[in-house]
Amino acid sequence: MSTIIITIISLCAIGVVSAVILYFVAQKFKVEEDPRIDVVDGLLPSVNCGGCGYPGCRSLAEAAVKSDTLDGIYCPVGGADTMNKIAEALGREIKVEAPKIAVVKCNGNCDNRPRTSQYDGARSCAIQHSLYIGDTACAYGCLGCGDCVTACTFDAIDMDITTGLPVVNEKCVACGACVKACPRSIIELRKKGPKDRRIFVSCVNKDKGGVARKSCKVACIGCGKCVKECPFEAITLENNLAYIDFEKCRLCRKCVAACPTNAIQEVNFPARKVEVNMPKPTPTPKTVEKTTEVAIETPKVELDIKMTRVEEPVEVVVETPQVSTIEEKQVETVQVTEIETVPSFQAEEQQADAIKTEEIQAELAKITEALREENPELKTQEEVKTINN
Amino acid sequence: MLKTFKLGGIHPRENKLSAGEKIKALPIPEQVVIPLSQHIGAPATPVVQKGDTVKTGQLIAQAAGFVSANIHSSVSGTVTAIDYVTDASGLSKLAITIKVEEDEWIPEIDKNNKFLPNITLSKEEIIKAIANAGIVGMGGATFPTQVKLTPPPGNKAEFLIINGVECEPYLTSDHQVMLEKAEEIIVGIQSLMKAIDAKKAIIGIENNKEDAIEHFQQIANRVLGIEICPLKIQYPQGGEKQLIQATIGRSVASGALPISVGAVVQNIGTAFAVYEAVMKHKPLFERVVTVTGKSVKSPGNYLCRIGTPISQLIAAAGGLPDDTSKVIGGGPMMGRSMINIDSPITKGTSGVLIINEKEAARKTARNCIRCGKCVSVCTMGLEPYLLEKLAVTNMLESLEIEKVMDCIECGSCSYTCPAARPLLDYIRLGKGRTATMIRNRK
């Protein structure tokens, strides 16, 4: 019995003594760490992809806490949301960057770029690149062994087996791992663009036009047509290769149409040359919407917009407001010959719509004026309202 | 018991199909394309312009820097272009294109076939003559010879080791040169010995070339300081460090040069080129190339002008067989398959090997079974399976610790792997990346 008691007591004593020692040691060698690091770390996505340039999320957190301005610190995975939260937590200002996505700048599939040899070495682009030109005649294009697919930790790149080219899907967080993995620097991080719409030169061939064209049907031949066509000076030509600056590009698609080899690609744009019938209750201006006293009926404006290529002035035919006023008004046709803003396809509905609405409003205002001249007692809804009030 | 190197090595089937075939001169082509970078180091700077008329042996590009080599015209004619030309691997390289008009040699060259045994030049003059002639290592590594002959201060060359091993299967060009030009080679070796003040020269020849060993032994008996060393057949005996160990039994430390153990290694072909440069003032503008392969009609050894299209060499050997799968520049172990057979023969082309479909088929790589065969054959004492793994995961620091830079890329590991893993492919990639990392560190 006493043995048990002695054992228990001695063990307890050892426990207490070690606890005291451990406590003091812990106090002595305590690592002081800014508690904000944990906070920031908690806000980060914890995927440790290295896309920010730091070894992991925690390193980014440490750097963010240390840094005064948060300059050059950006988590591409978390994006603007995360960065705003971090800035808020640290009480700092941040410049939010537009979200980016990896873009594969090669369109040399089997049809466009015939195979000239067969590669049977190790399945690695880096190895193939170090050995020779690759299995096509293009010394710059995609080698198709999928180093980028292996490098991606977000499952955002797949090899398309029909084309032999990598395809980036919506899971991409723009961490840049594939950019580093590609030995031919085909992949670039570009601005995601509104509604994921992007225009880019899908070629990295720096050969002279003839050589490039020989090796691939859709190669950039450095003709410079797109450079001339671009109204925003977003395209530069260097080493026989055009490059579209995504910061300057306004997605007008003029260059796409101008490119003789279809090297410029547009992504997520709707099909072109669409006949657009604008919906009925068109942006009817409030002013004429419902007239009370004078009862100007809602003008049923029917827009018939023929979408054509950009060069031609767009016709907006405003088929008269069939106004059944007191005095009958004859049908009027207004021709709007110029819509100055760029997007002349349905794609940019919103912008275009807004512009058209303005145009229509202006026209309707004119009509209203004309009506008013003839019948001075004619009052608009708003005027009626004010009077009523 | 024949001598050989200590560690690793393999013995692939020799397949010396063109052995014993007399050296035939390949007709001069209509046009030659002479690349400006036929050697390790900086590409040469052209000294001729488009439209210039050049003679055979005339300097057309000058060495740019210490590790570089002169390039001479191999024909006489008009320079039609100095532009980018597609090389054997499909990439564009700067080259001088000359349209051949006739074969008029520059007057300095002694065209007489008379054998000249007496070296009259001094040590410095010999090195200068070699540098002027643009001689590079003819075994395939193409390291400028004059650089090897000027050892860094504090090092003294005791031995000159001549590489007559030709351990690559199929190739026979060195063998044939040894049989036909033995006297000249001996004079070349004496010039090299004089250039580096070496008292002894050892010619290492593998035992599968018994006729060459006998032939040399008869001649060398009359010459002081030259010894013939028959070697056991073992690949990669032609490697510099392996040959030093096989012949004089000294090991070169990791990262060190052969001169650190008092040895300078030169190829048989280089020794012959040195003879021609020193005694006949003839620059390096032609070399012996083996064209061979199991499906080739008449494998043989041809004396080709530098810049001759490889397709012409193949045509001389009976044309490209129908079942050709790969055309390899060099031997089957270390050579590189080419995609453009119109590319020119260069100073380093020791052979053109045509492989048929059956031979070229590569097995599908399977998982490593940890059998350790690659480790046992690695002549540098490395662990190829580990290097491959590290290269795949891009662990460059670990690769450096595992001495990836010692790898001589002989391909024994890939040859022996029962799982057909592309070991060398990955090791070469890792080696390249590690080299870049080390370079950037400085």
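## Close-up views of a predicted two-chain model

**View 1. Strand β9 of chain B is enclosed.** Six of the six residues of β9(B) are buried, so this strand is largely enclosed by the rest of the structure. A residue counts as buried if 20 or more other C-beta atoms lie within 10 Å of its own; it is exposed if 12 or fewer do, and partly exposed in between, with C-beta atoms placed from the backbone. The model is predicted: local features need pLDDT of at least 70, side-chain atom pairs count only at pLDDT 80 or more, and totals for chains, interfaces and linings use all residues. Residues are numbered from 1 along each chain as its sequence is written, while chains are lettered from A and ligands numbered from 1 in the order in which they are written. Strands (E, at least two residues) and helices (H or I, at least four) are DSSP runs, numbered from the N terminus. In a regular strand the side chains alternate between the two faces of the sheet. Phe159(B), Ile161(B) and Asn163(B) point one way from β9(B). Leu160(B), Ile162(B) and Gly164(B) point the other way.

**View 2. Four parallel strands of chain B form an open sheet.** The order is β11-β10-β9-β12. Two strands pair if DSSP finds at least two bridges between them. The edge strands are β11 (226–231) and β12 (263–267) of chain B, and each pairs on one side only. From one strand to the next, the twist averages 25 degrees. Axes are lines fitted to C-alpha atoms, for helices over the stretch in contact, and angles run from 0 to 180 degrees between N-to-C directions.

View 3. Which residue is the bridge partner of Gly164(B) in β10(B)? The partner is Ile205(B). Six bridges join β9(B) to β10(B). On another pairing, β9(B) and β12(B) run parallel over five bridges. There, Ile162(B) has Gln266(B) in β12(B) as its bridge partner. Strand β10 (residues 200–206) of chain B also pairs with β11(B), in the parallel sense, over six bridges. In that pair, Ile203(B) stands opposite Ile228(B).

**View 4. Helix α4 of chain B is largely enclosed.** This helix (residues 182–196) has 15 residues. From its first C-alpha to its last it reaches 21 Å, close to the 21 Å expected at 1.5 Å a residue. The expected span is 1.5 Å times one less than the number of residues. Of the 15 residues of α4(B), 12 are buried, so the helix is largely enclosed by the rest of the structure. Among them are Ile185(B), Val187(B), Leu192(B) and Met193(B). Asp197(B) follows the helix, and its phi is positive, near 60 degrees.

**View 5. An antiparallel sheet of chain B is also open.** Four strands take the order β2-β8-β7-β4. β2 (31–35) and β4 (53–54) of chain B stand at the edges with a single partner strand each, so one side of each is left without a neighbour in the sheet. Strand β8 (residues 92–102) of chain B runs antiparallel to β2(B), and five bridges join them. Val33(B) stands opposite Thr97(B) in β8(B).

**View 6. Chain B has two domains.** Domain 1 covers 1–27 + 107–361, and domain 2 covers 373–441. Domain bounds come from an automatic or database domain assignment. The domain centres, taken over C-alpha atoms, are separated by 27 Å. Their contact takes 14 residues from domain 1 of chain B and 15 residues from domain 2 of chain B. Two residues are in contact if their C-beta atoms, placed from the backbone, lie within 7 Å. The domain 1 side has eight nonpolar, six polar and no charged residues. Ala, Val, Leu, Ile, Met, Phe, Trp, Tyr, Cys and Pro count as nonpolar, Asp, Glu, Lys and Arg as charged, and the others, Gly among them, as polar.

**View 7. Chain A touches chain B.** The contact takes 13 residues from chain A and 10 residues from chain B. On the chain A side, seven are nonpolar, five polar and one charged.
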